[in-house]
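Please read it alongside the sequence and the structure shown here.

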Amino acid sequence: MTNKKHKILIMSAPIGSGHALAAEALKDELEKSHNCDVTLGSAFDFFPKFIGKIVLKSYLSVLKYVPGLYEIAYKWGNNPSGSLWLRNIINGSLAFLADSYLRKVKPDVVVATHATPAGIISAYKKKHKDAKIILTSVVTDFTIHKWWLCEGTDAYFLAADDLKPELKMQKGQKLFFYGIPVRRAFRQEYSRHELRNKFGWPDDTAICLLMGGGEGLLPMKEILEGVLGKITVKMRFIAITGRNKELASELNHLYPEVEVYGFTEAIPEFMHAADIIISKAGGLTAAETLTTSLNYIIYKPLPGQEEANADYLKNSGAAVIAKTSDDVLLAISNYSVTNIKQRQKLGKPEAAPDIARAIINLLN
């Protein structure tokens, strides 16, 4: 007779790739180490796909063309006295739409890696008092937006031990400071020399990665134009453009000396073999970077949670913020004296297994 498998639903949202990557890291750990029955879901599963495509396209367009509008929305949403009514309407409506889905999956635990599914399950539990669902929230930033703080949350998993949600803790509610879950590949042991041989990178050349997430949202042309030909050390630039094929084509045409990659599964190996990364301040990107010895330069962080992440990492001594290409040039020139120990202190390569064990303990 075999023990009944725990049924776990991990829910994210396709707003940026980090939430989904964190969900996949937890799924991998729960299935391989704890033999759980894990389902990956999304807040977008509860309405027609064409609506989700419109929402996602609008979100990316705002970030690219009018980021100030997103900043206004983010700050308004972070004001609990003025925005929670809208959050509750959205979550309540989606909880109604999610009813048949949740009755079919019948999860023992829901793990939310985005604030919206956390709110949906909170609203569902409030409406269905008989629903025996444990709700856990894995906050995938180095800041905590007020929309994460939901009634009925049994446990919060936070990125660092000096981050605490501003709420009156409910009886039995737990806080864990295990970090943001990253994929197994980021806690493997690598030979830096072998990786460099694999990619054709000489040991005596500094390697600088340019990364803008899955959508390639980093002004790489602007950065390269400002630094190429001005660096006094031997350095090679590697641009990872994700799904942004237009950017990849432009870089290949304008800068033949730069190695350009599109969407690739080799990110963990690149990051363990390189010296510097110039990127954004998404929570997952930051968490992955902090598991390596990379010098972290955050370029023009987007308003909202990215700015908050960037400020936290800068104040912690784990990253440098650059707002111009001249700032990048200065940071690159000083890369060898940045605070590696502080980055390693914030890096949590074991976050996924630690969170998985805690979830199993909550069930038991």
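Is Tyr 312 buried or exposed? Tyr 312 is buried, because its relative accessibility is 12% and the cut-off for buried is under 20%. The model is a predicted one.

**Nonpolar cores**

- The largest nonpolar core comprises 48 residues. Phe 142, Trp 201, Leu 209, Phe 270, Met 271, Tyr 296 and Leu 313 have the most contacts inside it.
- Elements giving two or more residues to this core include the helices H5 (115-127), H6 (192-199), H9 (267-273), H10 (283-290) and H11 (305-315). Strands S7 (206-211), S8 (235-240) and S11 (295-299) also give two or more residues to this core.
- Another core, of 26 residues, lies apart from the largest one. Among its residues are Met 220, Leu 224, Tyr 255 and Ile 276.
- With neighbours within four places in sequence left aside, Leu 209 is in contact with Trp 201, Ile 238, Phe 270, Met 271, Ala 274, Ile 276, Ile 277, Ile 278 and Leu 294. Among these contacts, Trp 201, Phe 270 and Met 271 are listed with Leu 209 as having the most contacts inside the largest core, while Ile 276 belongs to the core of 26 residues.

**Aromatic pairs and cluster**

- The count of aromatic pairs is nine.
- One of these pairs is Phe 142 with Tyr 312: the ring centres are 5.5 Å apart and the planes stand at 20 degrees, so the pair is stacked.
- Phe 142 sits in the loop between strand S4 (134-138) and strand S5 (155-157), and Tyr 312 sits in helix H11, so this pair ties together parts 170 residues apart in sequence.
- Phe 142 is buried, because its relative accessible area is 3%, and Tyr 312 also counts as buried, at 12% relative accessibility.
- Phe 176 and Tyr 178 make a tilted aromatic pair, with 5.4 Å from centre to centre and 40 degrees between the planes. Phe 176 counts as buried at 15% relative accessibility, whereas Tyr 178, with a relative accessible area of 28%, is partly exposed.
- One aromatic cluster is formed by Phe 199, Trp 201, Tyr 261 and Phe 270.

- Thr 136 is located in strand S4. Its relative accessible area is 0%, so Thr 136 is buried.
- Residues up to four places away in sequence not being counted, Thr 136 touches Val 109, Val 110, Val 111, Ala 112, Ala 155, Phe 157, Ile 359 and Leu 362.

**Nonpolar surface patch**

- Phe 50, Ile 51, Ile 54 and Val 55 make a nonpolar surface patch of about 350 Å².
- Phe 50 has its place in helix H2 (residues 49-65). With a relative accessible area of 54%, Phe 50 is exposed, the cut-off for exposed being over 50%.

**Salt bridges**

- Side chains of opposite charge can pair when their charged atoms come close. The structure holds 17 salt bridges.
- Arg 184 and Asp 28 form a salt bridge in which the closest N and O atoms are 2.6 Å apart. Arg 184 lies in the loop between strand S6 (174-176) and H6, and Asp 28 lies in helix H1 (residues 18-34), so the pair ties together parts 156 residues apart in sequence. Arg 184 is partly exposed, at a relative accessible area of 30%.
- Glu 250 and Lys 221 meet through their side chains in a salt bridge of 3.1 Å, N to O. Glu 250 is in helix H8 (residues 245-254) and Lys 221 in helix H7 (residues 220-227), 29 residues apart. Glu 250 is partly exposed at 28% relative accessibility, and Lys 221 is partly exposed with a relative accessible area of 31%.
- Arg 236 forms a salt bridge with Glu 259, with 3.0 Å between the closest N and O atoms. Arg 236 belongs to strand S8 and Glu 259 to strand S9 (residues 259-261), so the pair ties together parts 23 residues apart in sequence. Arg 236 is partly exposed, at 25% relative accessibility, whereas Glu 259 is buried, with a relative accessible area of 18%.

Key: Residues are numbered from 1 along each chain as its sequence is written. This is a predicted model: local features need pLDDT of at least 70, side-chain atom pairs count only at pLDDT 80 or more; totals for chains, interfaces and linings use all residues. Side-chain values use heavy atoms; hydrogens and water are left out. A nonpolar core is a set of buried Ala, Val, Leu, Ile, Met, Phe, Trp, Tyr and Cys residues joined through side-chain atoms within 4.5 Å. Buried means under 20% relative accessible area, exposed over 50%, partly exposed in between (1.4 Å probe, protein chains only). Helices (H or I, at least four residues) and strands (E, at least two) are DSSP runs, numbered from the N terminus. Contact means heavy atoms within 4.5 Å. Rings of Phe, Tyr and Trp (its six-membered ring) pair if their centres lie within 6.5 Å; planes under 30 degrees apart count as stacked, over 60 as edge-to-face and the rest as tilted. Patches are made of residues with over 30% relative accessible area and no salt bridge: like charges are joined within 9 Å, nonpolar side chains (Val, Leu, Ile, Met, Phe, Trp, Tyr) within 5 Å. Accessible areas come from the Shrake-Rupley method with a 1.4 Å probe; for residues, only the protein chains shown count as cover. A salt bridge is a side-chain nitrogen of Lys or Arg within 4 Å of a carboxyl oxygen of Asp or Glu.
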